[in-house]
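Could you walk me through this protein step by step?

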Amino acid sequence: MIHHLHVLAVLITLLIINIDRTFGLKPPHDVKLVRSDLQWKPSNDDNVLYSLQYNPKSKSQDEWLNVSSHIGTKLRTFQITAELYGAVFRVRSEKGNNVSEWQYSNPVQCVNVAFCLPETNLSVKHERVFLTMKHMDQSLEKEYGEHIQFKISYWKVDNSGSSEVKSIITNRKNEPLQELESEQNYCFQVEYLLYDKPYGNASTEMCKIIPETPETARRRVLLFSILTTVFVSAMCGICIFVLFKYHKKVKKLLQPIKLEIPDHYREVLDDRFPLQACPSPSSQSLRSYDLITVKENSNEEQETIS
């Protein structure tokens, strides 16, 4: 029984020590993000140290990483860098073996890191080009209101390189782009303006060939038809003029070509086919059908032709 009482007393003592370690030391208060700095107010004890941890946006809620420069330190501020966007911080007080509860900050947003860029999307609807823009979070709009704006830069890309860059400054998140040449390649880029000065990073360049509108297609077809008609009419006029002015030459050119056999070809052909001598009347080959009788003025004459 005495042994059990002794163990119980030890457990109560340890519990009291743990409670004193946990609740006996006051935690830092007013932990907040001020622009790009994490700040907190210390306790009244000058001998208190502070430790800082953070949970990245991509990590689970239970996974906390130490900030190596802020472990057991008297520092009461921490500068936030761009890669910590979305992270949550927590800080506690430490004195000897005593530690306080953790105090948490809000997530790091665009207002805390000057690297944010607008999220953009380029689309074509009803033959019109629309550039849709969106904030990474609402902190800039909430903090600065209409003083945070979008600057849209766009330019036409041709064979000689980039042409003149044009800009539009707007607060709207859906901006139609007009007066763009059809079937031309344009590139677009968006960045923030804070009090008319660049803020954060510019978005990735987006390039797109502007499609031909129905009105442009109709004008092109009409122009092609007019040019074809003019060309055909001009060719017909030229042909008629040539026929009237040079009709004799044209008529001569259209006559069929007369082919005459040269004399030396004639001699060759005549030598190949010589005439045979006529047989004499005494020839044995004389036959009855070789006799031709000619009658004239009732006088009968007989002529033998071989």
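Here are some questions and answers about this model.

Q: What kind of model is this, and how are its residues numbered?
A: This is a predicted model, where local features need pLDDT of at least 70, side-chain atom pairs count only at pLDDT 80 or more, and totals for chains, interfaces and linings use all residues. Side-chain values use heavy atoms, with hydrogens and water left out, and residues are numbered along each chain, as its sequence is written, from 1.

Q: How many helices and strands does the chain have?
A: Helices (H or I, at least four residues) and strands (E, at least two) are DSSP runs, numbered from the N terminus. Counting this way, the chain has five helices and 19 strands.

Q: What percentage of the chain's residues are buried?
A: Buried means under 20% relative accessible area, exposed means over 50%, and partly exposed is in between (1.4 Å probe, protein chains only). The chain has 306 residues, and the buried share of them is 25%.

Q: Which strands pair with strand 15?
A: Two strands pair if DSSP finds at least two bridges between them. Strand 15 covers residues 185–194, and ten bridges join it to strand 11 (residues 148–158) in an antiparallel arrangement. Strand 17 (residues 206–209) is an antiparallel partner over four bridges, and three bridges make an antiparallel link to strand 16 (residues 197–199).

Q: Which residues stand opposite Asn-185?
A: Asn-185 belongs to strand 15, where it faces a residue of another strand, Val-157. It also stands opposite a residue in strand 17, namely Ile-209.

Q: Which residue in the turn between strand 15 and strand 16 has a positive phi?
A: These two strands form a hairpin with two residues between them. Leu-194 stands opposite Lys-197 in strand 16. The turn residue with a positive phi, of about 55°, is Tyr-195.

Q: Where do Tyr-144 and Tyr-195 lie, and how far apart in sequence are the parts that they tie together?
A: Rings of Phe, Tyr and Trp (its six-membered ring) pair if their centres lie within 6.5 Å; planes under 30 degrees apart count as stacked, over 60 as edge-to-face and the rest as tilted. Tyr-144 and Tyr-195 are edge-to-face, at 6.2 Å centre to centre with 85° between the planes. Tyr-144 is in helix 2 (residues 139–144) and Tyr-195 in the loop between strand 15 and strand 16, so the parts tied together are separated in sequence by 51 residues.

Q: Why does the pair of Tyr-85 and Phe-115 count as edge-to-face?
A: A search of the whole structure finds eight aromatic pairs. In the pair of Tyr-85 and Phe-115, the ring centres are 5.8 Å apart and the planes meet at 70°, so the pair is edge-to-face.

Q: Is Lys-156 buried or exposed?
A: Lys-156 lies in strand 11. Its side chain makes a polar contact of 3.2 Å with that of Glu-181; a polar contact is a pair of N or O atoms within 3.5 Å, where within protein one must be able to donate a hydrogen and the other to accept it, and residues adjacent in sequence count only if both atoms are side-chain atoms. With a relative accessible area of 18%, Lys-156 is buried.

Q: How many bridges pair strand 3 with strand 6?
A: Strand 3 is mostly covered, with six of its seven residues buried. Its Leu-49 has Glu-94 as bridge partner in strand 6. Strand 3 and strand 6 pair in the antiparallel sense, and the number of bridges is seven.
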